[in-house]
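Please look over the structure shown here before reading on. The notes that follow are grouped by topic.

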Amino acid sequence: MVPTAPLTRRRLLATAGASIGLVGLGSALAAGESQSTPQGDDWPMARHDPAGRSYAPTATPPKDGVRVRWKHPLDTELGFHYGIAPIVVDGHVFAVGEELVVLDAASGTVQFRTDRSARTVPAVADARAYRSGTLTLVGQTSVHGLHANGGIELLGSQLGLTRWDVESNDTVSIGFSPDQLAAPPVAAANTVIASLAGRVLAIDASSGDIRWEIGVDARRPVVHGDLVYVADYGRGVFGYDLATGDQQFEASFDDTMAVGVTAGPEQLVVATDDGLAGLSYDGRVRWQFAPDDLTRDYGAVSVGEGVAYAGFRGGGDNWLVAVDVSTGAERWRSPAAPESSPQFAPPAVADGVVCLPQEDEGFAAVDADDGHVRWRFRRGDVPGPWSPAALAGDAVYIIGNGHVYALEEA
Amino acid sequence: MTDEGPLGGGVIAGSPDSTRSVTTSGVLTSAVQKLARTPSALGMLLLAGVVVAGIDWLQLRDPVPSTTYEGIEQGRIAVAFYTIVTVVSRANTPASAVLNLKQRWLLTTVGLELLELLVVILAGSYALARLLSVEITFPAVLRYGLVVSLVRSGLFEVTFEGGSMVLAVPLLVGLFVVMVRLVPLPGRILLGEPIGTALRRSWASTREYGWQLFGIVLVIGLATHLFASLPLVGPIGTAGVAAVHAGAVAVLISRLPSPSGDLLASTGSRP
């Protein structure tokens, strides 16, 4: 069910004292810590990029063994499913749970922390008017745009952290999926694409203005070119103009339902309720991968180096399956399956390695060529759950065991 | 120059015009009549309204976050009475949104906010001085500007959020008492009185006219809120209400008793 009440901008900042006199702020306010836009070695949002490929082309994660470079405590909600993945932007690791902690990616030293919680992976988007990006947190009924550099630190508090807020008065629609994590925001072209209360919103990352909104109950949208693609269960895959929200693309399948989408370089890779499908950008179905012995759920599909990686169920076990995206043929299946609660976690791909949290077996990296396990990481007798990874530079960043970890080659 | 005396009907400051009663409708009617005889006051405030509306238009379209006036369309009922004669802006930039702006947008944002403040101060000063038939002096405008800046800063804005009525009702009553007792304040400042003196005299002169002034506060505050709720032209509408407000202040100064009868001698501000 899609709620119909309008979203409203709230004056959350306009309480007493918020609009202090601007005289004299001058250059002091412009002299905040500079932070470059997300690029290069960054992992600035869930599944790495607007296309949602979970593939970091410049990262070189550990291949033959792993050790802890640093770790830092993080207040997270205890649960049985995998947690919220960290992101990495301009040498800083952003980790969110019951608190927001920003750490130096190299040393793990705290840059700032604040009592902000979120229900999903944050994202950092370019903001036209600002010298630093907008850190976007999605709550149950709201989206918050924060200064990615933390605003001004005063006596241990972050003063003026918030840039803008978007709130919905709607109640959150409860879908039919077991997904208990909110859809993560996507940062693309100075815009934040967020799914909130049964709607997809395009929010100006700088001003917080809602550019457009559509009533689609979608998982994480993906962006390719000028279009935002969403999979709307039961209806198909739709593409909307990033600038205007006008529908420009529609495709559906005769014999299966689209539950998620990843934008590959040459085609869309659609997660269906019985497998995967390749969908060209002109709407033609190029291939379908739906073996009789495998089933799957809403888990995300990663696409890197010409291969799609996704979790499947079959024969009483879970599997990580690699599928050639040009032909739809299975390359291999590995018993090192991604964590499946609440749904298959997105594998992270870089430099011939696929990193993923595993159910009861710690965090693992498998070889992208044949699926064999290259290394596993556990802490003591705590097998997990671990979050999906952010791959940046030569390190793997994950959250689990009440800590943020930076892992490096042993 | 109006055809009425400098302080209303030829009555000198400090000597109330005892021939006219202080009633809500009477004061507001006289205020409108006074405005009709002093069109430049109305014109200046309307011009300020146009400028503020233009600034709003720019702020709502630039990439710097701004908060919009929460008006009647959002189910909010408010008595938007600010004591000073002001034009209400529909777009405001939160202080936190100014942090870390690129230089171009920092200059633009601060510049627009300052321009808006300046326009409101000058238009309000001019309108009050014309309606009071006094000369505009730099010290008076400076004092008035200081009060306008403080009020518009939001430092005195009180917001009730989920509080109990047990707490809210006494606070609201107290706020209205302060509003009522300070209705003549902007006019007294333009007469040349120091802020402290203007506060004391406003407070003292309104002592026996609480309900009448409460009516004026209510009418002007509600009208301001209604007009401020209008998209785009809201500030122009509030400028019209501000003109009536200025007229009412001028009328009240001529009709309310002054605690000291030597105003002219003490301030020397009368032309």
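**Aromatic rings, backbone and confidence**

Phe214(B) is partly exposed, with a relative accessible area of 24%. This is a predicted model, and the mean pLDDT of chain A is 84, with 85% of its residues at 70 or more.

**Where to read with caution**

- Over residues 1-39 of chain A the pLDDT is below 50, although this stretch has 98 contacts in the model beyond near neighbours in sequence.
- Residues 171-180 of chain A also have a pLDDT under 50, and the model has 21 contacts for them beyond four places in sequence.
- Where pLDDT is low, the predicted coordinates should not be read in detail.

**Aromatic pairs**

- The count of aromatic pairs over all chains comes to 11.
- One of these pairs joins Phe289(A) and Phe312(A), whose ring centres are 5.7 Å apart and whose planes stand at 90°, so the pair is edge-to-face.
- Because Phe289(A) lies in strand β24 (residues 285-289) and Phe312(A) in strand β26 (residues 307-314) of chain A, this pair ties together parts that are 23 residues apart in sequence.
- Phe289(A) is buried at a relative accessible area of 7%, and Phe312(A) is buried at 0%.
- In chain B, the rings of Trp211(B) and Phe214(B) have centres 5.9 Å apart and planes at 90°, so this pair is edge-to-face.
- Trp211(B) and Phe214(B) are 3 residues apart in helix α9 (residues 210-228) of chain B, which means that about one helical turn separates them.
- Trp211(B) counts as exposed, at 72% relative accessibility.
- Ring pairs also link Tyr229(A), Phe249(A) and Tyr281(A) into a cluster.

**Charges over rings**

- Arg296(A) lies over the face of Phe312(A), 5.3 Å from the ring centre.
- In chain B, the charged end of Arg76(B) sits over the ring of Tyr69(B), at 5.5 Å from its centre.

**Backbone features in loops**

- The peptide bond from Ser341(A) to Pro342(A) is cis, with omega near 5°, and Pro342(A) lies in the loop between β28 (330-334) and β29 (348-350) of chain A.
- Arg47(A), which is not a glycine, has a positive phi of about 60°, and this residue counts as buried at 11% relative accessibility.
- Asp90(A) has a positive phi near 50° and is found in the loop between β3 (87-89) and β4 (92-96) of chain A, where Asp90(A) is partly exposed at 28%.

**A buried glutamine**

- Gln358(A), in the loop between β30 (353-357) and β31 (363-367) of chain A, counts as buried at 1% relative accessibility.
- The side chain of Gln358(A) makes a polar contact with the side chain of Arg376(A), at 2.9 Å.

Technical notes. Residues are numbered from 1 along each chain as its sequence is written. Chains are lettered from A and ligands numbered from 1 in the order in which they are written. This is a predicted model: local features need pLDDT of at least 70, side-chain atom pairs count only at pLDDT 80 or more; totals for chains, interfaces and linings use all residues. Side-chain values use heavy atoms; hydrogens and water are left out. pLDDT is the predictor's confidence in each residue, from 0 to 100. Contact means heavy atoms within 4.5 Å. Helices (H or I, at least four residues) and strands (E, at least two) are DSSP runs, numbered from the N terminus. Buried means under 20% relative accessible area, exposed over 50%, partly exposed in between (1.4 Å probe, protein chains only). A polar contact is a pair of N or O atoms within 3.5 Å; within protein, one must be able to donate a hydrogen and the other to accept it, and residues adjacent in sequence count only if both atoms are side-chain atoms. Rings of Phe, Tyr and Trp (its six-membered ring) pair if their centres lie within 6.5 Å; planes under 30 degrees apart count as stacked, over 60 as edge-to-face and the rest as tilted. A charge sits over a ring if NZ of Lys or CZ of Arg is within 6 Å of the ring centre and within 35 degrees of the ring normal.
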